[in-house]
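Hello,

Here is the structure I said I would pass on. My notes on it follow below.

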Amino acid sequence: MKNLIKYSGLFFLLLLSVNGCDLIKSDDDGNGTVTDYADLLVDLSFTNEDFVQATHDLLSENFDDLTIAEINTLFNNFTRAGEDFVSNLEIIEKYQENSAGNYEVKSAAAVCTAYDVVPTLDNGVGVGLTKSVGDLISETKGDVKKLQEMLDKGEIDENQYKSATDELRKKKLLKAAGLTVGSIAGTGAAIVTGAIVGTATLPAIATIAVVGGVVGGTVTWFSNWYSGANKSAAEDESKMSFISGTTTNGGTIPLNYLKEGSNLTIIPEGMAPITISNLKLPTAGMNRTFEFAPNELGSASKEEGYEVCYFDEPMVAATCDEIMFVTAYPSPANPSPGQDVTVYATTVPPVSNCSIHFSIVGTDGYSNSQDVQTNSQGTASFSIPGAVDETVDKVTITTSNGKTYSITYVF
């Protein structure tokens with residue numbers, strides 16, 4: 001079947017090394033302190049990062065070159081990471097179910113708006129995301145177990161097992177077409193699985209300004225939203241998106257990955273978290289500074305909230321050395337066999353006349369590289385010839401100051 005694997009875009013770059021956390025408690029009833037809640041939110045970013053990495057590894061490997069044990073390891077890592085992610089989501093939901101929602105948004109257009117420390121479930125992580133990932137993991141785990149039993153009984157041989165598991169991951173990817181998860185590190189490293197998120201628009205960024213917080217201290221964040229008429233995992237027209245990352249107090253978040261109307265949760269190190277609901281994005285090419293003064297965790301209450309103020313100003317970068325991020329996307333996102341692809345890369349902030357190095361390696365043996373200068377919008381493009389069905393291309397993009405981004409897509 002032609003074009004069976006539908007990556008709407010799978011981007012990969014090596015993330016910052018993060019130590020795993022052991023704060024997830026399956027018996028948590030959602031009645032803990034703000035510190036407990038903040039710890040769970042930080043955990044969610046890390047478990048999401050693991051899940052995104054495991055998803056990328058599962059989808060990008062060539063099964064023909066792997067042993068049965070290596071294939072099983074990929075699936076085991078995928079299901080384990082997914083189960084941890086879902087477990088984390090479920091506990092956070094309990095806190096949000098218990099929230100009174102005393103600090104609802106005053107005005108969507110206000111420069112300063114009050115929000116809850118613990119939002120209500122409607123503005124929280126969302127049960128649809130939990131169910132969507134949970135169902136995907138459960139079904140995958142069960143299907144792999146059945147195939148392993150058939151192999152052990154001699155009902156299929158190793159080549160048939162490889163073929164069946166390869167087909168399984170394609171089907172699971174198709175089933176996950178309504179789910180987008182990604183992870184973005186403070187340096188601009190990113191993994192995004194599922195649909196392309198925001199990369200077709202000019203970039204905007206957010207600067208985090210925690211009044212009273214440690215300058216340069218770690219700030220964990222995540223954003224979630226639904227696209228479609230319904231917020232239910234059972235509805236085909238609903239697409240659930242979740243992206244997380246880390247930055248610093250004074251650091252930035254690339255807003256071009258987020259969607260208008262999304263929820264943005266910010267967790268400054270040692271301070272009370274906040275969820276900005278119904279996020280209004282700035283226009284392209286702008287830097288929006290979010291400024292807020294949360295209580296320290298030890299004195300924060302789940303029933304309180306506080307104001308978040310913002311102001312916008314144009315992004316400015318005078319030289320190529322000031323580039324903070326580079327993002328990229330393939331066009332078309334889902335190339336058919338034989339269809340040529342153009343990869344577009346954009347610097348953040350946009351800077352003209354900067355060298356972007358493109359390098360392509362395909363599973364069909366094709367390779368090429370080229371240096372291209374950015375235009376007035378900070379964008380450069382690279383053309384790649386079409387390939388036969390199920391060829392996987394990996395394109396690596398590197399700026400002159402060393403910011404790197406990689407795209408993997410399949411024909």
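Asp 65 is exposed, since its relative accessible area of 61% is above the 50% cut-off. The model is a predicted one, as are the positions behind everything that follows. Asp 65 sits in the loop that links α1 (34-60) to α2 (68-97). Together with Glu 61, Asp 64 and Glu 70, Asp 65 makes up a negative surface patch.

For the chain as a whole, there are 4 helices and 19 strands. Of its 411 residues, 52% are buried. The chain exposes about 17000 Å², of which 48% comes from carbon and sulfur atoms. Among contacts with a separation of 6 or more, 72% are between residues 24 or more positions apart.

Salt bridges

The count of salt bridges comes to 5. Three of them are described here, one by one.

Glu 83 and Lys 141 form one through their side chains, at 2.9 Å from N to O. Glu 83 belongs to helix α2 and Lys 141 to helix α3, so this pair ties together parts that are 58 residues apart in sequence. Glu 83 is partly exposed at 35% relative accessible area, and Lys 141 is partly exposed at 43%.

Lys 131 pairs with Asp 135, with 2.6 Å between the closest N and O atoms. Both residues lie in helix α3, 4 residues apart, which is about one turn of the helix. Lys 131 has a relative accessibility of 45% and counts as partly exposed; Asp 135, at 31%, also counts as partly exposed.

Asp 166 and Arg 169 form a salt bridge with their closest N and O atoms 2.8 Å apart. These two are 3 residues apart in helix α4, about one helical turn. Both Asp 166 and Arg 169 are buried.

Two buried residues

Ile 156 is in the loop between α3 (127-152) and α4 (158-175). Its relative accessibility is 14%, so Ile 156 counts as buried. Beyond residues up to four places away in sequence, Ile 156 touches Leu 147, Met 150, Leu 151 and Tyr 161.

Thr 252 lies in strand β8, which covers residues 252-254. With a relative accessibility of 12%, Thr 252 also counts as buried. Setting aside neighbours within four places in sequence, Thr 252 is in contact with Ile 205, Ala 206, Thr 207, Thr 247, Met 324 and Phe 325.

Regards

How values were computed. Residues are numbered from 1 along each chain as its sequence is written. This is a predicted model: local features need pLDDT of at least 70, side-chain atom pairs count only at pLDDT 80 or more; totals for chains, interfaces and linings use all residues. Side-chain values use heavy atoms; hydrogens and water are left out. Patches are made of residues with over 30% relative accessible area and no salt bridge: like charges are joined within 9 Å, nonpolar side chains (Val, Leu, Ile, Met, Phe, Trp, Tyr) within 5 Å. Accessible areas come from the Shrake-Rupley method with a 1.4 Å probe; for residues, only the protein chains shown count as cover. A salt bridge is a side-chain nitrogen of Lys or Arg within 4 Å of a carboxyl oxygen of Asp or Glu. Lys and Arg count as positive and Asp and Glu as negative; His and the chain ends are not counted. The place of a charge is taken as NZ of Lys, CZ of Arg, CG of Asp or CD of Glu. Buried means under 20% relative accessible area, exposed over 50%, partly exposed in between (1.4 Å probe, protein chains only). Contact means heavy atoms within 4.5 Å.
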